Amino acid sequence: MQRRMSDLAFQDYYPDDVSHCYGCGRLNEHGIQLKSRWDGEESVAYYTPKPYHTAVPGYVYGGMLASLIDCHGTGTAAAAGYRAEGRTMDSQPPLRYVTAALNVNYLRPTPLGDPLEVRGRVKEVKGRKVVVEAWIIAGGEVCVRGEVVAVQLPEAMRQS
Ligand SMILES: CCCCCCCCCCCC(=O)SCCNC(=O)CCNC(=O)[C@H](O)C(C)(C)COP(=O)(O)OP(=O)(O)OC[C@H]1O[C@@H](n2cnc3c(N)ncnc32)[C@H](O)[C@@H]1OP(=O)(O)O
């Protein structure tokens with residue numbers, strides 16, 4: 001069945017050459033394949049960690065949580081970059097963002113087994129840089145807060 005455009009997540013628009021990321025690449029069969037969308041002025045994604053994403057028994061591994069902040073942040077940055085240019089994510093030329101900086105604060109243990117809600121808000125769009133704050137909610141409580149600085153790849157590093 002053909003999907004409506006509004007069903008597509010930010011990551012579904014990534015060109016193939018940036019769709020192998022472990023966290024968000026739709027072409028990485030071993031990865032998380034995170035899907036982020038706008039929810040008003042915020043962005044949102046959902047993911048339920050697997051039983052093997054364990055830190056101490058019953059709680060989610062911090063590296064997994066950092067990956068969620070990272071890839072929801074870069075996805076939100078990409079969407080914000082297109083929005084700042086007044087165009088849709090399927091328009092040309094494609095924008096390619098990478099993580100320049102990632103800060104993660106673990107506020108309380110994140111229970112393993114519940115669906116996690118990952119939310120984001122754009123703090124700044126300036127030139128090639130987008131700063132996104134992101135947080136993870138489990139069981140109605142914010143367990144993790146972070147910030148992502150995403151920067152568009154310099155022209156010289158683009159392969160297409
Ligand atoms: C639809 C398709 C979507 C495609 C989206 C694809 C998503 C894939 C997501 C993958 C997520 C990853 O894991 S990516 C893999 C991990 N990341 C990487 O390997 C990146 C390695 N680093 C680099 O390649 C480089 O350092 C860059 C490209 C990030 C930046 O280098 P540059 O291009 O020379 O940057 P530069 O001109 O100096 O800086 C530009 C602006 O960014 C700021 N800036 C630069 N680095 C930092 C930093 N660490 N912390 C804070 N701010 C920084 C500068 O102050 C400046 O701000 P101002 O002065 O203008 O204010």
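Which residue in E4 is the bridge partner of Tyr-47? Notes below, starting with that one.

1. It's Leu-116. Tyr-47 belongs to strand E2 (residues 42–47), which runs antiparallel to strand E4 (residues 116–126), with six bridges joining them. Strands here are DSSP runs of at least two residues (E), helices are runs of at least four (H or I), and both are numbered from the N terminus. Two strands count as paired if DSSP finds at least two bridges between them.

2. Before going on: this is a predicted model, where local features need pLDDT of at least 70 and side-chain atom pairs count only at pLDDT 80 or more, while totals for chains, interfaces and linings use all residues. Residue numbers start from 1 along each chain as its sequence is written.

3. E4 also pairs with strand E5 (residues 129–138), again antiparallel, over nine bridges.

4. On to the ligand: 26 residues surround it, and the closest are Ala-78, Val-98, Ala-100, Ala-101 and Lys-129. A residue is counted when its C-beta atom, placed from the backbone, lies within 6 Å.

5. Where does the shell come from? Helix H1 (62–84), strand E3 (97–106) and strand E6 (141–152) each supply at least two residues. E3 gives the most, with five.

6. UniProt's unreviewed entry puts "domain: Thioesterase" at residues 58–140; such annotations may be inferred rather than shown by experiment, and UniProt positions follow the numbering used here, with feature names shortened. That stretch is 28% helix and 37% strand, with its end C-alpha atoms 17 Å apart.
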